[in-house]
Amino acid sequence: MTGIVVLGSTNMDLVAYVPKAPGRGETVTGREFRTVPGGKGANQAVAAARAGGAVSMIGAVGTDDFGGRLRATLDGSGVDTDLLRTTEGPSGTAHIVVDDEGGNAIVVIPGANGTVDHLTPGDEGLIATAEALLLQLELPLPGVTAGAEAARRHGVRTILTPAPAQPLPPELLAATSLLVPNEHEAAALTGIADPHAAVEALLRQVPEVVITLGAAGSLYAARGARPVTVPAPHVRAVDTTAAGDTFVGALAVALVEGRPMPAAMAWASAAAALSVQHEGASSSMPYRVEIDEAAADTPVSG
Ligand code: ADP
C-alpha cells in the first residue's frame with residue numbers, strides 16, 4: 001500500500017545570516033552560512049513520513065552534489081524515492097538572506113524541479129495506487145495539473161498547498177479535493193483579506209478548504225457545512241519555517257487514517273506547534289510518538 005504520494009519540489013536552501021541585508025551594489029559581511037535541504041514538496045514528504053505515513057516522492061533532483069544530499073535526506077526520513085528522477089544539471093536552490101530582525105529575501109532557482117512538467121507512466125501508476133496526493137506550486141503548473149488530473153481519474157484525493165501564491169488554472173482547481181492555503185495565500189487567491197469571507201469564495205471553486213492561521217490555528221469549511229475553527233496550542237515559537245508544510249504532512253496522514261477533519265486538524269496543529277519550537281525546516285519536524293504525546297495534552301475542540 002502506497003498511502004501518500006507527494007508530487008513536488010526539492011530545493012537546497014542556501015541560507016546567509018547577516019546583520020542587515022545588502023542593497024543593490026553593496027557587499028556586506030555575514031555571520032553564518034547554512035545549507036538546509038528543503039523545497040515544499042520534500043518538506044511535506046518528510047513531515048508525512050515522520051508522522052507515520054507511507055510516503056513516496058515524485059519530482060527531480062539534479063546531478064550536482066546537492067542532488068545526492070536531497071535524495072539522502074528523503075531516504076533518511078523513510079520516504080520512498082524510487083520515482084524521484086535525477087536530471088542532468090543543477091538541483092533546485094533557494095538563496096535566502098536572513099537579517100537580524102528576522103526579515104528575509106529569497107531567490108528560488110528551480111533547476112531540476114523545472115523539468116517536472118509532465119508525468120511518466122510510472123508516476124501515474126504510483127498515483128493510481130495512492131490514498132492521497134499532495135501538491136504545491138513549486139513545480140511547473142503543467143506538471144502539477146497533470147498530477148492532480150491523474151489522481152482525479154483514479155479517484156484519489158488531492159490536497160493542494162497553493163504556494164507560492166499565484167493564479168490557479170481552472171483544470172487544477174477542478175481536480176483539487178482539499179485546498180490548504182495560509183491566510184496570505186487565501187487573500188492572494190480571492191482578493192479578500194478576512195479568512196472567514198475568503199473561505200466562502202474558495203468553496204465556490206473546490207469542495208473543501210482548510211486555511212491555516214498561524215498561532216490562531218486553522219479554519220475548515222466544506223460545501224453545505226458550518227465552518228469549524230481549530231485552535232493552535234500555545235507555544236513559544238522560535239522558527240516558523242515550514243510550519244505549514246508540517247501541518248499539511250501530518251494532516252494528510254490523519255485523513256488517510258480515516259480521522260474526521262476537526263480531529264485531523266487538531267493532530268496536525270500539535271505537529272506544527274512542535275516544529276515551530278525548534279530551528280530549521282525538515283530538521284524540526286516531529287515524529288509520530290512526539291505528536292501523539294503533544295496531541296494528548298491538547299483537547300480537541302470545534
Ligand atoms: P505557513 O507556515 O504556511 O505560513 P501558518 O503560519 O498558517 O502557515 O502556520 C501553519 C500552522 O502551523 C498553523 O495552522 C498552526 O497550526 C501552526 N503554527 C504556526 N505558527 C504557530 C505558532 N506561533 N504557535 C503555534 N502553532 C503555530
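How many helices and strands make up the secondary structure of the protein chain? In this predicted model, the count comes to ten helices and 13 strands.

The overall dimensions may be taken next. Because a compact globule with 302 residues would have a radius of gyration near 19 Å, the 18 Å found for the protein chain agrees with that expectation. Along the principal axes, the C-alpha atoms fill a box of roughly 55 × 45 × 40 Å. Of the 302 residues, 52% are buried, a class that takes in residues with under 20% relative accessible area. Where contacts link residues at least 6 apart in sequence, 65% of them join residues at least 24 apart.

Within the fold, nine strands form an open sheet with mixed pairing, and their order is β5-β4-β1-β8-β9-β10-β11-β12-β13. The edges are taken by β5 (84-87) and β13 (228-230), and because each has a single partner strand, one side of each is left without a neighbour in the sheet. In general, strands of a sheet pair through backbone hydrogen bonds, in either a parallel or an antiparallel manner.

Terms used: Residues are numbered from 1 along each chain as its sequence is written. This is a predicted model: local features need pLDDT of at least 70, side-chain atom pairs count only at pLDDT 80 or more; totals for chains, interfaces and linings use all residues. Side-chain values use heavy atoms; hydrogens and water are left out. Helices (H or I, at least four residues) and strands (E, at least two) are DSSP runs, numbered from the N terminus. The radius of gyration is taken over C-alpha atoms; the globule rule is 2.2 Å times the number of residues to the power 0.38. Buried means under 20% relative accessible area, exposed over 50%, partly exposed in between (1.4 Å probe, protein chains only). Contact means heavy atoms within 4.5 Å. Two strands pair if DSSP finds at least two bridges between them.
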